[in-house]
Amino acid sequence: MRRLFKIAILILAVVAAVPMTLTIIYAFVDPPSMPVMRRELLGETVDQRWVPLEEIAPALARSVIMAEDARFCLHYGVDLEQLRIVIGEALEGERARGASTISMQTVKNIFLWSDRDYVRKVVELPLALWLDLVLSKDRILEIYLNVAQWGGNIYGIEAAAQHYYGRSAARLTAEQSLALATLLPAPAARDPRRPSRRQRAVMAHVRRELGRAGWVFSCLPARIQP
């Protein structure tokens with residue numbers, strides 16, 4: 001029994017070491033997307049085109065941060081304050097809502113599976129902290145924008161910009177950027193060219209926040225800051 005326990009611990013250590021080592025490599029090498037690899041293994045056609053952060057419109061980067069993780073520059077991969085609030089609400093019987101940061105979503109996309117379950121969250125949290133420790137904020141944002149799903153089989157902001165607007169990610173307008181950023185919670189169900197009433201309301205909220213919370217982007221390169 002003791003031998004089996006040691007073997008189990010060794011296996012867990014090896015499994016944990018793989019993403020931790022890959023994270024260091026991904027500071028220099030663009031990582032693959034787990035959802036993309038799964039789709040390709042199933043024989044599906046996927047549109048993904050990697051572009052550096054310098055070739056993505058600053059308005060798009062700002063809109064995504066404000067819509068998805070406004071405390072991106074303040075936390076260390078996991079937003080403990082937001083997590084505390086969500087856990088408190090769940091304990092009080094309120095409907096569960098997400099507390100995922102951009103770092104956590106990046107970890108999910110390059111290392112883990114998409115199904116929502118507690119096991120994934122338990123693994124996701126320490127890996128997000130490690131990701132934020134090893135990589136710069138702008139590198140994490142660059143990876144996220146290139147591996148996130150923006151439509152049924154569309155991954156990466158360059159593929160999304162070309163698909164929806166027939167232009168490169170570098171040439172996205174402020175309004176197009178808002179529409180794309182606010183489809184991320186439900187990319188398979190929304191179309192940025194025809195936003196629903198709810199999506200338009202979210203766009204309006206993000207637009208207001210962008211105009212009065214420039215500090216949100218303080219950890220990013222000057223070209224992205226307003």
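Trainee: What covers the buried residues of helix 7?
Mentor: The cover includes strand 1 (47–48), helix 3 (58–68), helix 5 (102–111), helix 6 (118–134), strand 2 (154–155) and helix 8. Contact means heavy atoms within 4.5 Å. Helices (H or I, at least four residues) and strands (E, at least two) are DSSP runs, numbered from the N terminus.

Trainee: Where did this model come from?
Mentor: It is predicted: local features need pLDDT of at least 70, side-chain atom pairs count only at pLDDT 80 or more, and totals for chains, interfaces and linings use all residues. Residues are numbered from 1 along each chain as its sequence is written, and side-chain values use heavy atoms, leaving out hydrogens and water.

Trainee: How many residues of helix 7 are buried?
Mentor: 10 of the 11, so helix 7 is largely enclosed by the rest of the structure. Buried means under 20% relative accessible area (1.4 Å probe, protein chains only).

Trainee: Why does E142 count as buried?
Mentor: Because its relative accessibility is 11%. E142 lies in helix 7, residues 137–147.

Trainee: Which residues does E142 touch?
Mentor: Leaving aside neighbours within four places in sequence, E142 is in contact with D30, W50, V51, P52, L53 and E54.

Trainee: New topic. At what angle do helix 8 and helix 9 cross?
Mentor: Roughly 110 degrees, with the axes of helix 8 (residues 157–165) and helix 9 (residues 174–181) coming within 12 Å. Axes are lines fitted to C-alpha atoms, over the stretch in contact for helices, and angles run from 0 to 180 degrees between N-to-C directions.

Trainee: Which residues make that contact?
Mentor: I157, A160, Y164 and Y165 from helix 8, and Q176, A179 and L180 from helix 9.

Notes
Buried < 20%, exposed > 50% of the residue type's maximum accessible area, 1.4 Å probe, protein only.
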